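Please look over the sequence and the model shown here before reading the report.

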Amino acid sequence: MYLSYKGIIAIVSGVAGLAGVGYGIYSKASKTKKRTCTDNLKAEHIVTDIIRDSANEVSGQADAVIVDAVNAIRINRLLKALARIDKNQAGADEEIRLLKAEVQKLLTSNRGGTKGIHGFIGETSQVHISNIKAFLNGDEPLYILLDDNSMTDYTRGIEIIQQKACQAGGHLGLDAIKRHKVKYPEFVEEGGIYQIPKDMFDRYNRLKYLPEDVAMKLRKEDLRLWKYIRAFTEENPDVTIEPMEVTYSDIQAGNIEDTVKRVEDETGTEFEKQKKAVQQENAPTFEEFLKICGISSAIEGGVSAGTEFIEKLKSGKKLSEFTKQDYKDIFSKFAIGSGKGALRGGIVYIATNIYKIPAAVISGIVTAVFGVAREGYLLFKKKITKEQFRKNSFFVVLETVASTGGASLGRHLCKKRPIIGALVGSILGSASAGYVRRTVFA
């Protein structure tokens with residue numbers, strides 16, 4: 001889950017702070033109880049009731065805030081990852097475009113003739129295909145084609161590279177490397193690297209490390225090449241040889257267009273795989289769902305237990321006078337609140353991620369359903385009348401709408417601190433509706 005611990009602490013602290021405010025108001029009311037008139041006591045009880053109900057409302061909105069925060073962080077990570085992939089894909093597409101243009105130019109001009117054109121094709125292919133792979137890996141493209149007929153064909157960062165794609169002599173281009181080294185001794189002295197087609201390099205590398213007793217069992221042609229490679233290695237210990245990204249066949253004039261098409265198709269497929277991978281990586285998970293349920297359970301359970309604790313103090317009982325039944329009542333409220341919180345958090349998480357319903361809206365709906373269900377239970381137990389059920393249900397919905405609207409407004413006004421803004425807005429909205437209910441419509 002991507003919600004930081006600071007965010008979780010801010011939410012829990014905000015809700016807990018609300019309970020603390022309720023307790024503070026209660027304390028002030030109880031201290032002045034004997035010295036005030038009945039009307040003042042009634043007003044103070046109204047305020048503490050509003051605080052109590054607001055605490056329950058805001059704990060519900062806290063679930064929505066948590067889910068919104070988690071979803072926003074996850075979606076933000078997804079968008080950033082997709083943006084990086086899109087940027088890399090644009091770079092790779094540009095390299096493919098350049099490769100196509102340069103290949104067509106070489107084919108049209110027949111540069112190098114029948115025997116030499118593949119060398120020029122090999123240079124531009126190696127440069128652009130290597131850069132394409134760099135973009136695929138999320139790295140910076142380092143290859144630059146010089147094409148100036150100097151001792152260096154292209155560079156890779158600060159490294160200088162000479163390509164030798166030559167089959168003449170049957171020595172995998174090693175003859176051409178020896179001639180280049182004699183002509184440009186400074187190339188190796190400056191750390192220059194030779195590259196040959198990857199199929200030729202694979203054969204070179206296999207024979208280079210082949211033990212003598214095994215080599216002696218090779219057919220004459222391979223044994224002759226093994227001896228040549230061994231002598232070359234002993235005479236040129238300072239020569240570094242690397243494989244190209246393409247084979248000798250890939251860079252032939254009759255094959256290069258198919259090679260480019262294959263690279264283009266493979267590149268597109270790989271970028272699509274990367275996009276699907278980051279989408280799966282940043283998709284909602286069952287583990288995240290469980291964490292949301294756990295946090296919501298802790299918040300609502302804590303608030304329910306806290307308000308029950310305050311109610312018992314409000315009745316005139318001191319903490320030292322609490323009985324086992326009192327603690328049982330508090331734990332019971334905690335258990336019920338935890339269950340509601342886990343259920344509400346889970347519903348909000350599923351609704352926002354599967355059905356794309358705003359978290360505040362679905363949280364408000366769930367809160368209203370809980371409230372109306374409670375009133376229905378009281379009606380079923382004949383503790384309230386049908387008229388009271390209708391009236392209470394109306395105000396449950398009204399206070400839920402006020403809390404939800406206040407949370408949305410608070411989140412909008414406090415863009416830098418949306419979590420705190422949502423909690424404060426929910427408190428003010430719920431408290432305002434509660435005050436109207438208990439004064440104007442009392």
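The report starts with the whole chain, then turns to the sheet, the cores and a few single residues.

## The chain as a whole

This is a predicted model, in which local features need pLDDT of at least 70 and side-chain atom pairs count only at pLDDT 80 or more, while totals for chains, interfaces and linings use all residues. Residues are numbered from 1 along each chain as its sequence is written, and side-chain values use heavy atoms, with hydrogens and water left out.

The protein chain holds 14 helices and five strands. Both are DSSP runs numbered from the N terminus: helices are H or I runs of at least four residues, and strands are E runs of at least two. Of the 442 residues in the protein chain, 45% are buried. Buried means under 20% relative accessible area, exposed means over 50%, and partly exposed lies in between, using a 1.4 Å probe and protein chains only.

The accessible surface of the protein chain is about 24,100 Å², and 59% of this belongs to carbon and sulfur atoms. These areas come from the Shrake-Rupley method with a 1.4 Å probe; for residues, only the protein chains shown count as cover. A contact means heavy atoms within 4.5 Å. Among contacts in the protein chain between residues at least 6 apart in sequence, 71% join residues at least 24 apart.

In what order do the five strands of the open sheet lie? The order is 1-2-3-4-5, with mixed pairing. Strand 1 (143-145) and strand 5 (241-243) are the edge strands, each pairing on one side only. From one strand to the next, the twist averages 35°. Two strands pair if DSSP finds at least two bridges between them.

| Strands | Sense | Bridges | Residues opposite each other |
|---|---|---|---|
| Strand 2 and strand 3 | antiparallel | three | Thr155 and Ile160 |
| Strand 3 and strand 4 | parallel | three | Gln162 and Tyr194 |
| Strand 4 and strand 5 | parallel | three | Tyr194 and Ile241 |

Helix 4 (residues 174-183) packs on the sheet and touches strand 3, strand 4 (193-196) and strand 5. The direction of helix 4 makes about 155° with that of strand 4. Helix 6 (residues 198-208) also packs on the sheet, touching strand 4 and strand 5, and its direction makes about 125° with that of strand 5. For these angles, axes are lines fitted to C-alpha atoms, for helices over the stretch in contact, and the angles run from 0 to 180 degrees between N-to-C directions.

In a regular strand the side chains alternate between the two faces of the sheet. In strand 4, Ile193 and Gln195 point one way and Tyr194 and Ile196 the other way, and all are buried.

## The nonpolar cores

A nonpolar core is a set of buried Ala, Val, Leu, Ile, Met, Phe, Trp, Tyr and Cys residues joined through side-chain atoms within 4.5 Å. The largest has 49 residues, and those with the most contacts inside it are Leu174, Ile177, Tyr204 and Ile241. Elements that give two or more residues to this core include helix 3 (113-136), helix 5 (185-189) and helix 8 (220-235). Helix 2 supplies the largest share, nine residues.

Ile177 touches Lys164, Tyr194, Ile196, Phe232, Val239 and Ile241, not counting residues up to four places away in sequence. A second, separate core has 16 residues, including Phe289, Ile299, Tyr349 and Ala351.

Pro197 is found in the loop between strand 4 and helix 6. Pro197 counts as buried because its relative accessible area is 0%. Leaving out residues up to four places away in sequence, Pro197 touches Lys164, Ala165, Met244, Val246, Thr247 and Tyr248. The C-alpha atoms of Pro197 and Asp250 are separated by 9.0 Å, and the two residues are 53 residues apart along the chain.

Asn282 has its place in the loop between helix 9 (256-281) and helix 10 (286-314). Its relative accessibility is 6%, so Asn282 counts as buried. A polar atom of the Asn282 side chain lies 2.8 Å from the backbone oxygen of Val278.

Glu375 lies in helix 12 (residues 359-380). Why does Glu375 count as buried? Glu375 counts as buried because its relative accessibility is 6%. The side chains of Glu375 and Asn392 are joined by a polar contact of 3.0 Å. A polar contact is a pair of N or O atoms within 3.5 Å; within protein, one must be able to donate a hydrogen and the other to accept it, and residues adjacent in sequence count only if both atoms are side-chain atoms. Apart from neighbours within four places in sequence, Glu375 is in contact with Ile384, Phe389, Asn392, Ser393 and Val396.
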